[in-house]
Amino acid sequence: METLDLDIKSLHRELACNLVLSGNDVLGPKERLLGSKGHVFRSFRSNLILQIQNFNFAGTYALRTLRQNYVAFQFTKTGSYYRNISDKTEFVGDATVQITNSPEVISYASIEDKSLCGIGLFVEREYLIDVVGLKVDNLRNPYRSIFTSTIGSSSSLQLPLHPCIWTAIDDIAACSFEEPLRGLYLHSKATELICHVIAHINLSKAPQSTLGFPEPLLQRQKLAIAAEIYRKELRSPPAI
């Protein structure tokens, strides 16, 4: 199994000079193992990196990600994979939001799926508290440490993928604007994704992780997503 390395702090420095980098620019020839289409990393100001993910895995791999003092948001629309955090192996399924702050994560493709469509966001921890206004007191331990620990946390907070988040991911994938409009649009959508998640946390007294959440709840969430997509299509009928 080949190993790909991704250092978020180093990536942030590179993106300071080049606001957009392709997956091949960052990962080199091994990018081929992801079978990616439109895989890019984009920086907004100095506190946010957007990763657009559309993978059809072409081989076995292990992606080692170093992300000191960054909170990682993984919005998985379809597909799945596994990840190792500390001594734990976790399954990351579809229609979920995963929030982690481990300084090192190793991820690899699952047997169940050979593709993945979603969005990754890497956000500086202080930005979420000082600028976005995350209410960390609303989080129970061990999830609070994801946002407060300066050395990282082995905990992971998993939330259902709200229909509004699903449509925002679709909007990002469908964006056809040229620069600089494209950059402005994607920044607004990345901010929208963060706002949805932080609002969910701030409005809840103690949001619980959806690790192993009941199948009926998952099915209801997917039905809500399907309904939102249907309403969106009704609002934008095809031109005659």
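Author: Happy to! A word on confidence to begin with: pLDDT is the predictor's confidence in each residue, on a scale from 0 to 100. This is a predicted model, and the mean pLDDT of the protein chain is 86, with 85% of its residues at 70 or more.

Reader: Which elements have the lowest and the highest mean pLDDT?

Author: Helix α7, residues 215–235, has the lowest mean at 55, while β2 has the highest at 96. Also look at residues 210–214, where pLDDT stays under 50. The model has seven contacts beyond four places in sequence for that stretch. Where pLDDT is low, the predicted coordinates should not be read in detail.

Reader: Noted, thanks. On to the sheet: what's the strand order?

Author: The order is β2-β3-β4-β11-β6-β9-β12, seven strands in an open sheet with antiparallel pairing. At the edges sit β2 (20–22) and β12 (153–160), each of which pairs on one side only. On average, neighbouring strands of the sheet are turned by 15 degrees against each other, direction ignored.

Reader: Which helix packs on it?

Author: That's α5, residues 163–174. Helix α5 touches β4 (48–56), β6 (70–79), β9 and β11 (115–124), and its direction makes about 85 degrees with that of β6.

Reader: Let's stay with β6. How many of its residues are buried?

Author: Nine of the ten, so β6 is mostly covered.

Reader: And how many bridges does β6 make with β11 and with β9?

Author: With β11 there are nine bridges, in the antiparallel sense. With β9 there are five, and that pair runs antiparallel too.

Reader: Handy. What about β9 on the β12 side, how many bridges there?

Author: Six bridges join β9 (residues 96–101) to β12, again antiparallel. One partner pair to look for is N101 with S153 in β12.

Reader: I've clicked on T100. Where is it, and is it buried or exposed?

Author: T100 is in strand β9. T100 has a relative accessible area of 3%, and the limit for buried is under 20%, so T100 counts as buried.

Reader: What does its side chain make a polar contact with?

Author: The partner is the side chain of R67, at 2.4 Å. Leaving out residues up to four places away in sequence, T100 touches R67, Y70, V71, A72, R83, I85, I146, S155 and S156.

Reader: Changing topic: which residues of α1 are buried?

Author: In α1 (residues 8–17), the buried ones are I8, L11, H12 and L15. Seen down the axis of α1, these buried residues fall within an arc of 105 degrees, so they line one face of the helix.

Reader: Why would residues spaced like that point the same way?

Author: An α-helix has 3.6 residues a turn, so residues three or four places apart point the same way.

Reader: And which ones are exposed on the other side of α1?

Author: R13, A16 and C17 are exposed there.

Reader: What caps the N-terminal end of α1?

Author: D7 does: one of its side-chain oxygens lies 3.1 Å from the backbone nitrogen of K9.

Reader: Which residues other than glycine have a positive phi?

Author: N69 and A95 are two to look at. Phi is near 65 degrees for N69 and near 55 degrees for A95. N69 is in the loop between β5 (61–66) and β6, whereas A95 lies in the loop between β8 (88–92) and β9.

Note on methods:
Residues are numbered from 1 along each chain as its sequence is written. This is a predicted model: local features need pLDDT of at least 70, side-chain atom pairs count only at pLDDT 80 or more; totals for chains, interfaces and linings use all residues. Side-chain values use heavy atoms; hydrogens and water are left out. Two strands pair if DSSP finds at least two bridges between them. Helices (H or I, at least four residues) and strands (E, at least two) are DSSP runs, numbered from the N terminus. Axes are lines fitted to C-alpha atoms, for helices over the stretch in contact, and angles run from 0 to 180 degrees between N-to-C directions. Contact means heavy atoms within 4.5 Å. Buried means under 20% relative accessible area, exposed over 50%, partly exposed in between (1.4 Å probe, protein chains only). The arc is that of the directions from the helix axis to the C-beta atoms. A polar contact is a pair of N or O atoms within 3.5 Å; within protein, one must be able to donate a hydrogen and the other to accept it, and residues adjacent in sequence count only if both atoms are side-chain atoms.
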